[in-house]
Amino acid sequence: MEFKHLRTISALAEQGSLAGAAVALNLTQSALSHQLKELEGRLGGELYLRKSRPLCFTPAGELVLKLAHSVLPLVNQTEKQLQALQNGNQGELHLALDCHSCIHWLLPLLPAFRRDWPGIELEVESLPGFDTIASLLAGQLDLLLTSDVQVRGDLHFEPLFDYRLELVMAPDHPLATTAKIEPDDLLREVLLIYPVERARMDVFSRFLQPATIEPARCKVVDNTSVMLQMAAAGFGVAALPDWASSEFVRQGMLVAKPLGTGITRHMYGAVRASERQQSALQGLFTLIRHAMAAK
């Protein structure tokens, strides 16, 4: 049995049809059918029931599929590690975050990144106190996760995912029953904010300032978890990305409402243009996309 056979069985299970598996493996349906018949000849029996809808594996097919699920992840991981060695992907990858709450979704991804890229030491700096763009160009940073794009030839901004900005509040807050939040709804509210310039906060630049509205009071909180707990306890309201408050909302501790007709932002990975195809960076981008698409 060869690795190609395991990949064929895995693709057949994932796609649910011979035609779908052929497309996934970039083969013609005839070539894939021939490969399966060859394997069945070696093993002495059918691997799946022809004309079954949905596709159904035989006991022999289930055994081969179980083997594929055990072996292929290890093969794929080793291939990535070998590619890293060939491409010189050894050393340190210095990453900076341009937002307070990004660390909450990034940290759970790091064990998988280290497993896939054992030769890379990933250093993460949250909310750096320096000029991140200048540091990228100077080689002091390798990657910046940001929602602010600068059009320039020496940097590349890799699109990662979209997210919504929402106002969160305690379930018994008067605004919790409204369909959406308008700027003047915040005239009497305590707005919980991060200790950064207002120009960098979307709730001001994209929502309040265009309407020339100022909240009753702003209270600075430098920690997302504390901010969420304060909002849940009724000490104010907060404008946060949907990923930051999703667990509190799911548990019924907070209510989230759209700001106006909705404010959608985009997260990017900013890298030096000459290194945009670096394998470890693309591996991290893939991890981020998959993780955030599942949220």
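**Reading the cavity**

Modeller: A search of the whole structure finds 1 cavity of 30 Å³ or more. A cavity is a set of points on a 1 Å grid over the protein atoms alone where a 1.4 Å probe fits but cannot get out. This is a predicted model: local features need pLDDT of at least 70, side-chain atom pairs count only at pLDDT 80 or more, and totals for chains, interfaces and linings use all residues. Residues are numbered from 1 along each chain as its sequence is written, and side-chain values use heavy atoms, without hydrogens and water.

Biologist: How much space lies in the largest cavity?

Modeller: Rolling a probe the size of a water molecule over the atoms shows where empty space is left. Here the largest cavity holds about 430 Å³, taken as the space filled by probe spheres set on the points.

Biologist: Which residues line the largest cavity closest to its centre?

Modeller: Lining residues have an atom within 4 Å of a point. There are 25, and Cys99, Tyr194, Arg200, Met201 and Asp202 are the closest to the centre. The lining divides into 16 nonpolar, 4 polar and 5 charged residues. Among the elements giving it two or more residues are β4 (155-169), β5 (190-193) and β7 (237-241).

Biologist: Is β7 buried or exposed?

Modeller: Buried means under 20% relative accessible area. In β7, 5 of the 5 residues are buried, so this strand is largely enclosed by the rest of the structure.

Biologist: Which way do β4 and β7 run?

Modeller: Strands pair if DSSP finds at least two bridges between them. β4 and β7 run antiparallel, with 4 bridges. β5 and β7 run parallel, with 2 bridges. Ala238 in β7 stands opposite Val168 and opposite Leu192.

Conventions: 1 Å grid on protein atoms, 1.4 Å probe; cavity = no way out; pocket = protein on both sides within 12 Å on 5 of 7 lines; lining within 4 Å. Nonpolar A, V, L, I, M, F, W, Y, C, P; charged D, E, K, R; others polar. Buried < 20%, exposed > 50% of the residue type's maximum accessible area, 1.4 Å probe, protein only.
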